[in-house]
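I am opening a notebook page on a structure that I have not looked at before.

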Amino acid sequence: MKLLIVGCGRVGSSIAREMADDGHDVAVIDEDPEALQRLPESWPGRFLHGHGLDTEVLVEGGIATADAVVVCTDGDNTNIVIAQIARTRFHCPCVVTRVFDPGRAAFYDKLGLQTVCPTSRSIETMTQAICDTPGRSVA
């Protein structure tokens, strides 16, 4: 599988390592050249320094032939626009994007974007942890 990841922070670099370890062809784009340090020295994939909103960078990263695109920069607006480009212009069969704002994640999910909202997942997990833990007993 050919995978393009836009954003090489903790999430993007972890997905990149895991997918490359599984034998997939992985290209990563990040606007910070230092982000390459999050990938192993023996990184078998490609790393492109550039902005994910730059179509030339996306094309150089292989978006036109990618089987999947993961968009996980630190900006919701950037992620949503890149995901829309991947889906509508390049017809990528699988586009997954991170959206921090729960309301926006739900809205774009209804429009057909496959969104992951870490804020919603944190709220659910923390609320469940509170509900699963008995409180102090009243003496």
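This is a predicted model: local features need pLDDT of at least 70, side-chain atom pairs count only at pLDDT 80 or more; totals for chains, interfaces and linings use all residues.

**Entry on the layout.** I went through the secondary structure and listed five helices and six strands, which follow the pattern β-α-β-β-α-β-α-β-α-β-α when the protein is read along its sequence. For the extent of the protein, I wrote down that the C-alpha trace spans about 65 × 35 × 25 Å along its principal axes. Of the contacts between residues at least 6 apart in sequence, I noted that 45% join residues at least 24 apart.

**Entry on the interior.** I looked up burial next and found that buried residues make up 39% of the 139 residues. The largest nonpolar core has 24 residues, and Leu4, Val6, Ile29, Leu58, Ile63 and Val69 are those with the most contacts inside it. I traced which elements give two or more residues to this core, and they are strand S1 (2–6), strand S2 (25–30), helix H2 (55–60), strand S4 (68–71), helix H3 (76–89) and helix H4 (102–110). The largest share, five residues, comes from H3. Apart from this core I found another, of 14 residues, among them Ile5, Ala20, Val26 and Cys72. As background I reminded myself that nonpolar side chains in soluble globular proteins tend to be buried together.

I then followed Ile29 and, leaving aside its neighbours within four places in sequence, I listed contacts that include Leu4, Val6, Cys8, Leu48, His51, Val57 and Leu58.

**Entry on the pocket and the surface.** How much space lies in the largest pocket? I wrote down about 340 Å³. The lining of this pocket is made of 21 residues, and Gly7, Cys8, Asp30, Thr73 and Asp74 lie nearest its centre. Helix H1 (10–21) and S2 are the elements that give two or more residues to the lining, which by class has six nonpolar, eight polar and seven charged residues. Last, I looked up the surface, where the protein exposes about 8,300 Å², with 53% of it supplied by carbon and sulfur atoms.

Conventions. Residues are numbered from 1 along each chain as its sequence is written. Side-chain values use heavy atoms; hydrogens and water are left out. A nonpolar core is a set of buried Ala, Val, Leu, Ile, Met, Phe, Trp, Tyr and Cys residues joined through side-chain atoms within 4.5 Å. Buried means under 20% relative accessible area, exposed over 50%, partly exposed in between (1.4 Å probe, protein chains only). Helices (H or I, at least four residues) and strands (E, at least two) are DSSP runs, numbered from the N terminus. Contact means heavy atoms within 4.5 Å. On a 1 Å grid over the protein atoms alone, a cavity is a set of points where a 1.4 Å probe fits but cannot get out, and a pocket is an open set with protein on both sides within 12 Å along at least five of seven lines; lining residues have an atom within 4 Å of a point. Grid points are joined across faces, edges and corners, and a volume is the space filled by probe spheres set on the points. Ala, Val, Leu, Ile, Met, Phe, Trp, Tyr, Cys and Pro count as nonpolar, Asp, Glu, Lys and Arg as charged, and the others, Gly among them, as polar. Accessible areas come from the Shrake-Rupley method with a 1.4 Å probe; for residues, only the protein chains shown count as cover.
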